[in-house]
Amino acid sequence: MLMKKSRFAAGLAAVAAIALLAGCAGGTDTAASADAKPDYTKMTSKELADHLIFNGGFNLAHETQEGTTVAARMTQDNIQKMCTESRNKPTPEQVGKIVAEARASIKYPEGGIKLGDWKKGRDLAWSGFGYRAGHNNDNHASREVGANCYNCHQIGTDRTGGNFGPSLTGYGKTRGNTEGTRKFVYEVIYNAHSYFPCTIMPRMGYSGMLKEESISHVMAYLLDPESPVNK
Amino acid sequence: MIRKLLVAMPLAAVMVTSAYAEQTPGDVLRGLIDRTQSPYLTQSPQNVQMIDDSPAIWTGYEGGDLFKAPRGPNNVSMESCDFGKGPGVVKGAAVELPRYFADTNKVMDLEGRIVHCMTTVQGFAKDDPAVRTRHGSNSDMMKIMTYIAMESNGMPWNPPLSHPLEVAMRDAGEEMFFRRQGLMDFSCATCHGPDASHKRIRASVMSSSSVPSDWTKSISWPAFRVGQQHARSPQNRVRGCYWQMRTGQIRQDSDAMMAILSYWTDAARGQPAILPDMKR
């Protein structure tokens with residue numbers, strides 16, 4: 001929660017700073033400030049991109065499911081900034097910062113990392129529902145928020161998964177359902193940059209997209225010897 | 001224009017359209033496939049088979065009638081409007097957009113230019129349903145946009161970069177394309193960047209903006225979306241991808257939208273447009 005608030009505050013500060021730079025403080029979220037439009041050709045492409053995003057390009061005031069606004073979602077944090085700047089090939093110095101920050105961000109469940117229900121995990125791993133906002137808004141009261149794993153990973157053998165990430169079929173069988181594996185998988189789901197700086201895998205624990213209980217179900221799907229993933 | 005359909009059409013219609021009858025969208029697609037054997041382009045045999053029977057073609061024909069009809073409070077047709085190649089010129093206009101327009105001092109896309117024509121020349125109010133309703137095959141917008149786009153089928157994408165604003169917007173669009181943000185830390189490049197070419201999201205083979213001979217199909221809109229049973233616009237696709245990325249809504253007609261479209265069109269430069277396309 002603290003993290004969310006500070007990210008949000010940082011977001012607002014960035015919006016305000018950009019508005020000041022553009023000389024139109026107070027009119028941050030209107031497409032109509034055409035007369036105050038700065039000379040785009042005098043800005044660097046990065047300055048212009050930020051300007052377009054924060055001055056009329058997005059519906060910044062729109063409220064999100066996590067209780068912030070779109071302004072917070074569009075504002076980059078350190079890791080997003082470093083991975084954008086380096087186009088996902090961080091310098092050794094950036095690697096150090098990213099890994100340290102990612103490690104520090106991980107919060108562990110009280111009472112240790114436990115496996116939940118692999119059946120629930122199977123459904124969650126497949127589902128892409130949740131947190132979409134804009135012309136349609138996912139209503140979290142209507143359905144469980146999904147984990148999106150199948151978009152990038154092959155996991156079970158009964159469905160086609162993507163191949164942006166490695167196949168996780170038989171993961172528990174090959175890695176073993178040990179404390180070490182459970183810790184690793186938990187940390188990867190929570191914030192994969194702790195092992196793979198500038199990975200494309202979303203930080204689903206850190207961002208709050210996946211709650212502790214959902215993580216435990218998805219982990220069971222990968223690691224429980226009873227899960228079809230390990231048969 | 002569309003060879004297969006022409007066979008079934010009355011002679012009068014054939015006479016009108018035969019000037020453009022060289023290639024169908026399917027011909028263009030098959031030409032690309034012959035040249036590249038790309039797993040992105042070949043992933044759906046049904047798509048290749050059905051593309052020349054796309055309902056979007058009819059959407060475009062209806063748009064042609066709307067384009068030529070006197071409409072709006074001023075009761076004039078769209079034939080005096082400038083889509084970048086001079087008043088009334090639609091052939092080849094779509095593959096040279098977005099571009100800079102001196103009359104608005106802005107870089108504009110086809111959709112924005114249609115709005116401009118309707119509101120200035122034809123005199124429609126901005127909130128008139130004819131202008132405001134942008135999505136779906138039944139909207140005037142999608143009909144007119146598809147008509148104009150069809151007149152560029154098979155032509156190479158060639159958005160001008162001669163005005164400094166065109167360059168600035170294209171470069172800002174590239175910046176936006178690679179910018180990681182939102183709850184899932186995605187950029188467009190996560191799924192359409194140099195490392196994503198021919199990888200799969202679930203069963204879908206992805207195209208990369210760094211492979212122009214694939215990317216041309218990706219950016220060929222309007223396209224009939226089989227899953228939605230409607231012709232969809234480029235702006236509709238951009239909005240959908242940001243939505244999937246868990247950012248928030250990118251605004252219709254905004255300069256941010258023009259920047260993305262300027263970059264993505266430039267990335268397909270030189271490759272033939274498939275218009276109208278058919279997609280999942």
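The structure is a predicted model, in which local features need pLDDT of at least 70 and side-chain atom pairs count only at pLDDT 80 or more, while totals for chains, interfaces and linings use all residues. Residues are numbered from 1 along each chain as its sequence is written, chains are lettered from A and ligands numbered from 1 in the order in which they are written, and side-chain values use heavy atoms, with hydrogens and water left out.

**Chain B as a whole**
- Chain B has 13 helices and seven strands, where helices (H or I, at least four residues) and strands (E, at least two) are DSSP runs numbered from the N terminus.
- The C-alpha trace of chain B spans about 50 × 40 × 35 Å along its principal axes.
- Of the 280 residues in chain B, 61% are buried, a term that means under 20% relative accessible area, with exposed meaning over 50% and partly exposed in between (1.4 Å probe, protein chains only).

**Aromatic rings**
- There are 13 aromatic pairs over all chains, counted where ring centres of Phe, Tyr and Trp (its six-membered ring) lie within 6.5 Å, with planes under 30 degrees apart called stacked, over 60 edge-to-face and the rest tilted.
- One of these is the tilted pair of B:F177 and B:Y263, at 4.9 Å centre to centre and with 50 degrees between the planes.
- This pair links distant parts of the chain, since B:F177 is in helix α9 and B:Y263 in helix α13 of chain B, 86 residues apart, and both residues are buried.
- B:F177 and B:Y263 also belong to one aromatic cluster with B:F178, B:W215 and B:W264.

**Salt bridges**
- The whole structure holds 28 salt bridges over all chains, each being a side-chain nitrogen of Lys or Arg within 4 Å of a carboxyl oxygen of Asp or Glu.
- One of them joins B:E174 and A:R87 at 3.0 Å, N to O, and crosses between chains, from helix α9 of chain B to the loop between α4 and α5 of chain A.
- B:E174 is partly exposed because its relative accessible area is 21%, and A:R87 likewise counts as partly exposed at 39%.
- Another salt bridge joins B:R134 and B:E111 at 2.6 Å, N to O, where B:R134 counts as buried at 6% relative accessibility and B:E111 counts as buried at 2%.
- Salt bridges that share partners join A:R87, B:R170, B:D171, B:E174, B:D266 and B:R269 into one network.
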